Amino acid sequence: MDLNTVLDVRDARHREPWRPGDAWLGGGTYLFSEPQPHIRRLVDLSRMGWPPLARQPDGSLDIAATCTITELSRFARTLPATAAPLFEQCCRAFLASFKIWNMATVGGNLCNGLPAGPMISLTAALDGAVLLQGQDGATRRLPVTEFITGAGVKVLRDGELLRSVRLPARALDCRTAFRQASLYGLGRSGSLVIGARDPADGSLAVTVTAATTRPFRFWFALPPTAAELRAAIGGAVRSDEWFDDIHGLPAWRRHMALLQAEEIRRELTPEEHR
C-alpha cells in the first residue's frame, strides 16, 4: 500500500518535536496494509538498536517493541523456562507468512490493540507490563490488561512510545495451557484462552482474548471449581465486551471461551482438586 499522504520519514534516533500527523513506524506490516489518510510523517524505530530480548538479573524477560515475531520464535526455542512453548503457540496464532514474521513486531501487535492480536494474548497471560515513554522522556509501566481498554483502543498519550514489555520470572516458570478457536481452518482467532499455573503457590490464571474486545485475566489463589471459573468470567465480561465481527458472533465467542477455559482448568488442576 502506497501511503501517498506521507510527506517525510524521520529517523527516531534524531529526537524531534512530535507534531500532528506523526506515527511511529516499527515493522510496518499494519501501516502499509491499508490507507492511513491521517498520517503525514513516519518516525522510524528500526535503527534504534534495542536488543530484541534480554533476560534481567531477577530472571524477568524484556521484549523490545521492535522485536520481530521471527526473533521471538527463535529465542523461545532455547529459552530454559517452563512457559517457553507458549511463545511458539502464540507466534503460530498469527497464521502469517514468513515474510510477515520477519517484519511484524511485538510492539506493533500490542499497539494495534486488536482482539485477535496473539502478542497481546501471550503478554497478558504471562502477567506482562508495558514500558511507555513520553515525548519528555518520562516513563510509566502498565499491565498489558490495562494498556488495552477496547478493540483497537489503547491508553497511549499523544506521541507516547511503547518501548518494551516485561514478563516476570515467576510467570516464565508457570505451566501453561493454550486453546484457540476459529471459524475457519486458517482463520483469525475467534477465541484464544491461555492458562498459567504457578508451581510456587498453586495459583491459576486464566486469560481470555480474541473472544473479547480487550484482554481479561482471571487470577485464582486456589484452583477454582468449574462453577467458580464460569461465574468469574460471566461476571466480569459485559455483554458488549464479547467481540462481534465477521470472524464470529458474540454468542459463539462466549460459548467457545467458556468451553476452552473449562478445558484449561481441568488440564492444569490436580485431579484431587477438580
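Which residue stands opposite Leu131 in β10? In this predicted model, the residue facing Leu131 is Ser164. Let's start from the strand pairings and then turn to a pocket.

Strand β6 covers residues 129–133. Is this strand mostly covered or mostly open? Four of the five residues in β6 are buried, so the strand is mostly covered, with buried meaning under 20% relative accessible area.

On the β10 side, β6 pairs with residues 161–167 in the antiparallel sense, and five bridges hold this pairing. The Leu131 and Ser164 positions face each other here. β6 also runs antiparallel to strand β7, residues 139–143, and five bridges join the two. Within that pairing, Val130 sits opposite Leu142 of β7.

## The turn between β6 and β7

β6 and β7 form a hairpin with five residues between the strands. Take a look at Gly137 in this hairpin: its phi is positive, near 90°.

## The second largest pocket

Now for some open space. The second largest pocket has a volume of about 260 Å³, and 20 residues line it. Which of them lie nearest its centre? They are Ala12, Arg15, Glu16, Trp24 and Gln135.

What does the lining look like by class? Nine of the residues are nonpolar, six are charged and five are polar.

How values were computed: Residues are numbered from 1 along each chain as its sequence is written. This is a predicted model: local features need pLDDT of at least 70, side-chain atom pairs count only at pLDDT 80 or more; totals for chains, interfaces and linings use all residues. Side-chain values use heavy atoms; hydrogens and water are left out. Buried means under 20% relative accessible area, exposed over 50%, partly exposed in between (1.4 Å probe, protein chains only). Two strands pair if DSSP finds at least two bridges between them. On a 1 Å grid over the protein atoms alone, a cavity is a set of points where a 1.4 Å probe fits but cannot get out, and a pocket is an open set with protein on both sides within 12 Å along at least five of seven lines; lining residues have an atom within 4 Å of a point. Grid points are joined across faces, edges and corners, and a volume is the space filled by probe spheres set on the points. Ala, Val, Leu, Ile, Met, Phe, Trp, Tyr, Cys and Pro count as nonpolar, Asp, Glu, Lys and Arg as charged, and the others, Gly among them, as polar.
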